[in-house]
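Dear colleague,

Please find below the structure that I am handing over to you.

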Amino acid sequence: MKRLIAFVVGFLCVWVSVAEADSQEEARMRLVEETIAARGVTDSDVLDAMRRVQRHLFIPEDQVRHAYEDRPVPIGHGQTISQPYIVALMTEIVQPKPDFRVLEIGAGSGYQAAVLAELVDHVYTVEIVPPLADWAQERLKLAGYTNVTVRHADGYYGWEEHAPFDAIVVTAAAPHIPPPLLEQLREGGRMIIPVGSRFRTQQLVLVEKQDGAFKTRNVLPVRFVPFTRSDPDSGW
Ligand code: SAH
């Protein structure tokens, strides 16, 4: 009898978790078709990556019900996981290739890093809030990503040791583009960064490095959490 009960309970647990995973998957597919593709993201590799990455794994338990809504969601410490459409757009804009080494500034939940990790060789991601660096690291491991390295530091300085980068993705809004990031972008590389202050409209800016010079283009007005500095006297 005990065995039978254990079997039935076990069966129900598996059934509930499969049903749960299925409903999340359905919501994720709908988000990709009805919002992300519908709003103009066309790169099929990027759309496939958005279909594969389980955003709910990067969101704290009490917010998980919002995982497949197209909006930022709080992840604690005053920070947010970015809106899926913006994650897809920023990923598409840097034109990821399988041999790319990518730098992300602002690991946060780890979600954007996971989307990039589906498409490139290696992602280096920097996070200034220590518990979030830990969270991102843990979540990326749980989700099975072995090609992402997370570091706790002030991302203003980039990650010199692994430069130059084929692409740089910055997910916090900076008053200006940090010069070390420009330096660490390879020739022909692309950087996407929200520029502007906390209280004014920010612009998502695409930077392209060509013949040692930088070409910039405003892509879209956006709203990101601020790029903070470890040194409060940095004059930022
Ligand atoms: N890419 C994240 C978005 C997180 S929001 C995701 O997919 O979830 C932006 C993140 O940038 C926050 O976690 C914030 O703590 C971090 N951040 C802000 N200033 C930073 C800096 N100077 N260096 C590194 N990370 C920074």
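Strand E6 (residues 165-170) runs parallel to strand E7 (residues 185-195), and the pair is joined over 4 bridges. Within this pairing, Val-169 is placed opposite Ile-192 of E7. Please note that the model is a predicted one.

**The sheet and its helices**

Both strands belong to an open sheet of 7 strands, in which the order is E5-E4-E3-E6-E7-E8-E9 and the pairing is mixed. At the edges stand strand E5 (148-152) and strand E9 (213-222), each of which pairs on one side only. From one strand to the next, the twist averages 15 degrees.

Helix H3 (residues 84-93) packs on this sheet and touches E6, E7, strand E8 (202-210) and E9. The direction of H3 makes about 160 degrees with that of E9. Helix H5 (residues 130-142) also packs on the sheet, where it touches strand E4 (122-127) and E5; the angle between the directions of H5 and E5 is about 165 degrees.

H3 is mostly covered, with 10 of its 10 residues buried. Among them are Pro-84, Tyr-85, Ile-86, Met-90 and Glu-92. After H3 comes Gln-95, which has a positive phi, near 50 degrees.

**Strand E4**

E4 is likewise mostly covered: 6 of its 6 residues are buried. His-122, Tyr-124 and Val-126 point one way from the strand, while Val-123, Thr-125 and Glu-127 point the other way. E4 runs parallel to strand E3 (residues 101-105), and 5 bridges join the two.

Ala-117 and Ala-49 are 68 residues apart along the chain, and their C-alpha atoms are separated by 8.9 Å.

**The ligand**

There are 26 residues around the ligand, of which Glu-104, Ser-109, Glu-127, Gly-155 and Thr-228 come nearest. Glu-127, a buried residue of E4, has a polar side-chain atom 2.6 Å from an oxygen atom of the ligand. A polar backbone atom of Gln-112 is 3.1 Å from an oxygen atom of the ligand. For Asp-154, a polar side-chain atom lies 2.9 Å from a nitrogen atom of the ligand. The ligand taken alone exposes 580 Å², and the protein buries 99% of that.

**Arg-229**

Which residue is joined to the side chain of Arg-229 by a polar contact of 2.8 Å? The partner is Asp-154, through its side chain; Asp-154 also has the polar side-chain atom described above, 2.9 Å from a ligand nitrogen atom. Arg-229 is located in the segment after E9.

Is Arg-229 buried or exposed? The residue counts as buried because its relative accessibility is 15%, and the cut-off for buried is under 20%. Leaving aside neighbours within four places in sequence, Arg-229 is in contact with Ile-128, Asp-154, Tyr-156, Tyr-157, Ser-234 and Trp-236.

Yours sincerely

Key:
Residues are numbered from 1 along each chain as its sequence is written. This is a predicted model: local features need pLDDT of at least 70, side-chain atom pairs count only at pLDDT 80 or more; totals for chains, interfaces and linings use all residues. Side-chain values use heavy atoms; hydrogens and water are left out. Two strands pair if DSSP finds at least two bridges between them. Axes are lines fitted to C-alpha atoms, for helices over the stretch in contact, and angles run from 0 to 180 degrees between N-to-C directions. Contact means heavy atoms within 4.5 Å. A residue is near a molecule or strand if one of its heavy atoms lies within 4 Å of it. A polar contact is a pair of N or O atoms within 3.5 Å; within protein, one must be able to donate a hydrogen and the other to accept it, and residues adjacent in sequence count only if both atoms are side-chain atoms. Accessible areas come from the Shrake-Rupley method with a 1.4 Å probe; for residues, only the protein chains shown count as cover. Buried means under 20% relative accessible area, exposed over 50%, partly exposed in between (1.4 Å probe, protein chains only).
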